[in-house]
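Please read it alongside the sequence and the coordinates.

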Amino acid sequence: MPSDDTNNPPFEIRVADRVTRLPPYLFGRINKMIYDKRVGGDDVIELGMGNPSDPPEKEVIEKLVEAARDERNHRYSKNIGIANLRREVASKYFKRFGVRLDPDDEVITCLGSKEGFSHMCLAMMGPGDTALVPTPYFPVHVYAVALASGNVIQLPVTDSDKFLAAIAHTCETLYPRPKLLLLCYPHNPSSVTVEQPFFDEVVKLAKKYNLMVISDFAYADVAYDGYKPPSFLASPGAIDVGVEFTTMSKGYNMAGWRVGFCAGNREMINALATIKGYYDYGMFQAIQIAAIVALRDTQAAVEKQSLIYQGRRDALCDGLVRLGWADARPKAGMFVWQPIPEPWRSRMSTMDFAMLLLDKGNVAVSPGSGFGPAGEGYLRMSLVENEERLRQAVRQIKACLKEAEAEYSGKQPETAAAT
Ligand SMILES: Cc1ncc(COP(=O)(O)O)c(C=O)c1O
């Protein structure tokens, strides 16, 4: 039989709108330049991603190896997580925040908190539903809602009182009312922090306007100068209205392991478990067993890790202040959210400034505009390099801007230079 291929229209891969609607990846240009520079032999100081560079505790790795050697651990595990791990999470919440959780119905494990958060959006949101999201935003906070076909209203996060007022105003004026409120404190990227009374107010608003709450508490374990990030779940009534995500990626240096948790409202947890029941078979059991050891026995190491980040924060911020930049020292989280100093802020876009630091200074940072328009004028600098490398980064920034200034002034037409 002759093929009738020639009579058919060309075959076409038709990707779903939910994929094609996503915006281009803003960090693509930067990542390409980092790659090209490294291939060319340049030593790039990487302050872009919040990807911890220190290892987990030895005993945790040893437990993983031991558990991996046990043949019983290689089958599919429970997709909500093994009971002992969920108990350990509940126990940590009680010891640290005084929050009582039923490990059977109010805690679930996730393949990293990002997976859990995204699937929670899928479980809660649909066409016509609206979520309130703090801005500048961690991209997943917006795009997980969009992927679930929900709408996003962005509320500026910088001033917490105004943020609360904006929630109330939006709930009063928007019809249909927003369904979901996303919180993230310590906030990525802006490093904004709050105290417990903020969450108390959130619970009141949530009850008044029937607004479900998701708290992304990824930086629960990384805080400085004695500051203790509060848990949303510790506010009275929080468990009636929402859930909180935590992770072992940051404080425990286990980012590649993909261990996250969701705790709180049992109906929301049950909805997430239902979605996950269709999508995954749970976490490798050896990882869950090692995670129990990490949660139970390595709290001192988590606190030490915060001190390491604090030292790095000071090395970076002291250096930038000496260059005349604003002191943007965070109280928590892994990032310095740094306003770009004048005259550079007026001269060029945030993306171009970040590209300049990379191109001429071999220092990679995240341009604030990668976190939405509210991030324009800022850089996010992560504290994943050691203190010496951070001091070196400051020296390279200084030299790069001196050179760029000379070039820039040289290029100005005389009339402009004179004014
Ligand atoms: C605010 C925030 N939430 C969630 C995540 C993802 O954490 P996980 O590794 O648990 O998926 C990150 C990681 O950078 C983050 O910054």
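Predicted model: local features only at pLDDT ≥ 70, side-chain atom pairs only at ≥ 80, totals over all residues.

Residues are numbered from 1 along each chain as its sequence is written. The protein chain has 16 helices and eleven strands; helices (H or I, at least four residues) and strands (E, at least two) are DSSP runs, numbered from the N terminus.

**Overall fold**
- The radius of gyration of the protein chain is 23 Å, which agrees with the value near 22 Å that a compact globule of 419 residues would have. The radius is taken over C-alpha atoms, and the globule rule is 2.2 Å times the number of residues to the power 0.38.
- Along the principal axes, the C-alpha atoms fill a box of roughly 70 × 70 × 55 Å.
- Of the 419 residues, 46% are buried. A residue is buried if 20 or more other C-beta atoms lie within 10 Å of its own, exposed if 12 or fewer, and partly exposed in between, with C-beta atoms placed from the backbone.
- Among contacts with a separation of 6 or more, 74% are between residues 24 or more positions apart. Two residues are in contact if their C-beta atoms, placed from the backbone, lie within 7 Å.

**Domains**
- The protein chain is divided into domain 1 (22-51 + 301-407) and domain 2 (58-297), with bounds from an automatic or database domain assignment.
- The C-alpha centres of domain 1 and domain 2 lie 28 Å apart.
- In the interface, 22 residues of domain 1 are in contact with 26 residues of domain 2.
- On the side of domain 1 that touches domain 2, α12 (299-322) and β9 (335-339) each supply at least two residues. The largest share, six residues, comes from α12.

**Strand β7**
- In β7 (residues 242-247), six of six residues are buried.
- Both faces are covered, with Gly242, Glu244 and Thr246 on one side and Val243, Phe245 and Thr247 on the other.
- β7 pairs with β6 (residues 212-216) in the parallel sense over four bridges, and Val213 stands opposite Gly242. Strands pair if DSSP finds at least two bridges between them.
- β7 and β8 (residues 260-264) run antiparallel and are joined by five bridges; Thr246 stands opposite Phe261.

**Helix α6**
- His141, Val142, Ala144 and Val145 are buried in α6 (residues 139-147).
- The buried residues of α6 pack against α5 (113-124), β3 (130-135), β4 (151-156) and β5 (180-183).

**Ligand shell**
- Gly112, Ser113, Lys114, Thr247 and Ser249 come nearest among the 13 residues around the ligand. A residue is near a molecule if its C-beta atom, placed from the backbone, lies within 6 Å of it.

**Backbone details**
- Most residues other than glycine have a negative phi, and most peptide bonds are trans.
- A cis peptide bond joins Tyr185 and Pro186, with omega about -10 degrees; Pro186 is in the loop between β5 and α8 (196-209).
- Glu342 and Pro343 are also joined by a cis peptide bond, with omega about 5 degrees.
- Asn253 has a positive phi near 55 degrees and lies in the loop between β7 and β8.
- Asn362 has a positive phi near 55 degrees and is found in the loop between α14 (350-361) and β10 (363-367).
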